[in-house]
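Biologist: Please take a close look at one part of this model for me. I would like to hear about the aromatic pairs and what surrounds them.

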Amino acid sequence: MKQEKREQQLKAQQAAQAKLNDKACADELARLRGLASDPGKNGGSGSYVGSAIGNGGPDMAGYADKVKCRVIPNIIGYDAAPGSNPAATVQVDLAPNGDVMGRKIIKSSGDPNWDNVVLRALDRSSPLPRNDDGKVPSSFNIIFRPRDN
C-alpha cells in the first residue's frame, strides 16, 4: 500500500515537473520566435526556430521545437567528439495523446552511439507535447544534433 502511494506521488511530481518544463520551454520558444521574426534583433530572420522535415506543413517547425524541449533533457550518456555534430533524422509515430508508438532512424548520423542515445531519449520523453492547436501529428520526422542541446 505504501509503495503504491509513493508511486502515485512520484507520478504526480513528474507530471507537475513536466508542466513546468513545458511552460518554460514555451516561454523560451516565444522569445526565440520573437527574435527570429525581427531581422533587426541579433541578425535573426524567418518566422520559425528549429527544424522539422517532411509530413506536416509550416507549423511543424514550431512543433519540432516543442519536441526538442521535451527530449533534450533526456539525452544522457553522449559526449560528441570535438568539432563533430552528427545529425540523426528520426521518424516518430505518435498516438493521438502524444505517446510514442514507434520511432526509427531514417537517416543515420554515422555514429551508432548518437543514434541510440536519441532513440532512448525519445522513449523517455513519451508522451510528447501537443501542438499549438492541441493535437499531435500521427507521424513526423525530426533531426537531432548533439550541439543543438
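Modeller: First, the term: rings of Phe, Tyr and Trp (for Trp, the six-membered ring) pair if their centres lie within 6.5 Å, and planes under 30 degrees apart count as stacked, over 60 as edge-to-face and the rest as tilted. The structure holds 2 aromatic pairs. This is a predicted model, in which local features need pLDDT of at least 70 and side-chain atom pairs count only at pLDDT 80 or more, while totals for chains, interfaces and linings use all residues. Residues are numbered from 1 along each chain as its sequence is written, and side-chain values use heavy atoms, with hydrogens and water left out.

Take Tyr 63 and Phe 140. Their ring centres are 5.3 Å apart and their planes stand at 80°, so this pair is edge-to-face. The pair links distant parts of the chain: Tyr 63 is in helix 2 and Phe 140 in strand 4, 77 residues apart. Helices (H or I, at least four residues) and strands (E, at least two) are DSSP runs, numbered from the N terminus. Tyr 63 is buried, at 0% relative accessible area. Phe 140 is buried too, with a relative accessibility of 0%. Buried means under 20% relative accessible area, exposed over 50%, and partly exposed in between (1.4 Å probe, protein chains only).

Now Tyr 78 and Trp 114. The centres of their rings lie 4.9 Å apart and the planes meet at 55°, so this pair is tilted.

Next, the core. A nonpolar core is a set of buried Ala, Val, Leu, Ile, Met, Phe, Trp, Tyr and Cys residues joined through side-chain atoms within 4.5 Å. The largest one has 22 residues, and Val 92, Leu 128 and Phe 144 touch the most other members. Helix 2 (60-71), strand 2 (88-94), helix 3 (112-125) and strand 4 (139-144) each supply at least two residues of this core. Helix 3 gives the most, with 6 residues.

Val 92 deserves a stop. Contact means heavy atoms within 4.5 Å. Leaving aside neighbours within four places in sequence, Val 92 is in contact with several residues, including Leu 122, Leu 128, Phe 140 and Ile 142. Arg 103 is also one of the contacts of Val 92.

Arg 103 brings in charge. A salt bridge is a side-chain nitrogen of Lys or Arg within 4 Å of a carboxyl oxygen of Asp or Glu. A search of the whole structure finds 2 of them. In one, Arg 103 pairs with Asp 123, the closest N and O atoms being 2.7 Å apart. Arg 103 lies in strand 3 (residues 100-107) and Asp 123 in helix 3, so the bridge ties together parts that are 20 residues apart in sequence. Arg 103 is partly exposed, at 28% relative accessible area. Asp 123 is partly exposed as well, at 40%.

In another salt bridge, Lys 66 meets Asp 132, with their closest N and O atoms 2.6 Å apart. Lys 66 is in helix 2 and Asp 132 in the loop between helix 3 and strand 4, 66 residues apart. Lys 66 is buried, at 18% relative accessible area, whereas Asp 132 is exposed, at 62%.
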